[in-house]
Amino acid sequence: MDSVRKIIHIDMDAFYASVEQRDFPELRGKPVAVGRPGPRMVVATASYEARPYGVRSALPSVVAQRLCPDLIFRPPRFDVYKAVSAQIRRIFHEYTDLVEPLSLDEAYLDVTHDFKQVRSATLIARDIKAKIKAETGLTASAGVSYNKFLAKIASDYRKPDGLCVIEPAAALDFIAALPIEKFYGVGQATARKMHANGIATGADLRARSEMELVHLFGKAGQYYYGIARGIDNREVTPQRERKSYSVENTYVHDLVTNFERITELYRLEQRLFGLLDRDGVSARTLTLKVRYNDFTEQSKSRTFASVPRGFEAWHHCTADLRKDFPWQEKGIRLMGLGVHGLVRPAEAEASAAVPSPAPDTPVELTLF
Ligand code: DCP
Ligand code: MG
């Protein structure tokens with residue numbers, strides 16, 4: 001039999017809002033919504049001070065303002081959130097490479113075999129929380145258990161700044177008492193259907209046969225049948241870090257004039273640097289690739305001593321590469337533009353907030 005896995009789920013508390021409160025002290029202790037006020041706008045997230053009023057993610061801003069008249073709206077600053085996200089991911093990778101990010105602020109870690117030989121998932125979760133606090137000034141909640149389903153539920157259980165461990169022996173009781181709405185993968189519509197069929201808790205769910213659940217919910221019924229018994233064999237699937245970016249285009253009509261080359265290259269530049277901008281990365285090496293109408297290919301690269309920043313800088317680099325390119329007098333069928341040697345400036349520039357000392361989180365000292 002496989003040995004029991006040790007899975008941690010980490011999720012930052014009121015992520016965007018906490019970052020705003022960290023960087024703008026006047027917002028601390030106040031109800032804050034990240035998002036824009038006004039019609040057709042929605043709240044991205046709300047600080048914990050705003051939550052008792054019912055302000056939460058995806059709520060229309062006008063409704064949020066009505067529920068909480070003192071609510072302060074702040075525009076999102078995605079660059080900063082991405083930088084913090086890179087910081088916390090670096091911390092995760094100190095313990096394992098089996099890290100599966102679900103979004104900027106949350107990830108699963110499989111620490112069954114951790115790099116530091118800590119061996120206790122609970123202690124690793126506590127260490128990670130402390131490091132996140134020390135390096136970013138922000139709090140995270142962690143859930144520890146033997147599969148993804150339970151780890152995710154656990155991280156939500158004692159938010160904010162929580163650490164919840166569901167040990168194998170305690171799992172079945174924990175699930176039995178859990179309201180069906182708390183089950184990950186059970187959305188509002190499914191929850192309604194469950195209630196309509198007399199299923200309000202994990203215990204109710206466990207009382208149903210697999211056939212009955214499949215009949216009611218289709219394939220998802222199998223998943224529900226498993227999780228009611230604490231069974232979830234989904235692996236933690238690490239995201240391989242990207243090593244390069246490239247874009248290319250094949251042309252219906254061969255490009256023949258210099259003007260066509262320049263125009264099409266400009267389009268590729270815009271697409272490529274849009275991707276770099278989106279992910280907050282830069283790169284050292286730029287490559288231009290050309291395929292002619294006789295299917296022969298040519299490419300040329302250039303590596304920069306100082307990393308270009310911004311579209312303007314990249315545009316100049318591309319223009320230089322184009323001028324140096326040994327163009328042949330043949331029609332062009334395909335052009336591609338790519339970069340490698342990625343540099344993640346967001347990581348280097350991540351603001352190091354001065355943290356207040358982390359409050360001691362009570363933990364069950366278990367080797368699990
Ligand atoms: N987010 C968003 N729109 C949503 C949900 C989330 O823009 N509908 C963004 C804002 C959140 C971030 O993603 O800060 C993380 O989402 P979470 O669901 O983890 O929510 P929070 O971290 O804000 O709060 P919690 O403490 O409940 O995790
Ligand atoms: Mg969160």
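The lining of the largest pocket takes at least three residues from each of domain 1 (1-166) and domain 3 (244-350), with domain bounds that come from an automatic or database domain assignment. The structure is a predicted model, in which local features need pLDDT of at least 70, side-chain atom pairs count only at pLDDT 80 or more, and totals for chains, interfaces and linings use all residues. Residues are numbered from 1 along each chain as its sequence is written, and side-chain values use heavy atoms, with hydrogens and water left out.

On a 1 Å grid over the protein atoms alone, a pocket is an open set of points where a 1.4 Å probe fits, with protein on both sides within 12 Å along at least five of seven lines; lining residues have an atom within 4 Å of a point. The largest pocket has 25 lining residues, of which R89, Q239, E241, D279 and R344 are the closest to its centre. Helix α3 gives the largest share of this lining, 6 residues.

Strand β10 (residues 282-292) can be considered next. Of its 11 residues, 8 are buried, that is, under 20% relative accessible area with a 1.4 Å probe and protein chains only. Strands here are DSSP runs of E with at least two residues, and helices are runs of H or I with at least four, numbered from the N terminus. β10 runs antiparallel to β12 (residues 332-343), joined to it by 10 bridges; among these pairings, K289 has G336 as its partner in β12. β10 is also antiparallel to β11 (residues 297-303), with 7 bridges between them, and R291 is partnered by E297 in β11.

Note on methods:
Chains lettered and ligands numbered in written order. Buried < 20%, exposed > 50% of the residue type's maximum accessible area, 1.4 Å probe, protein only. Pairing = 2+ DSSP bridges.
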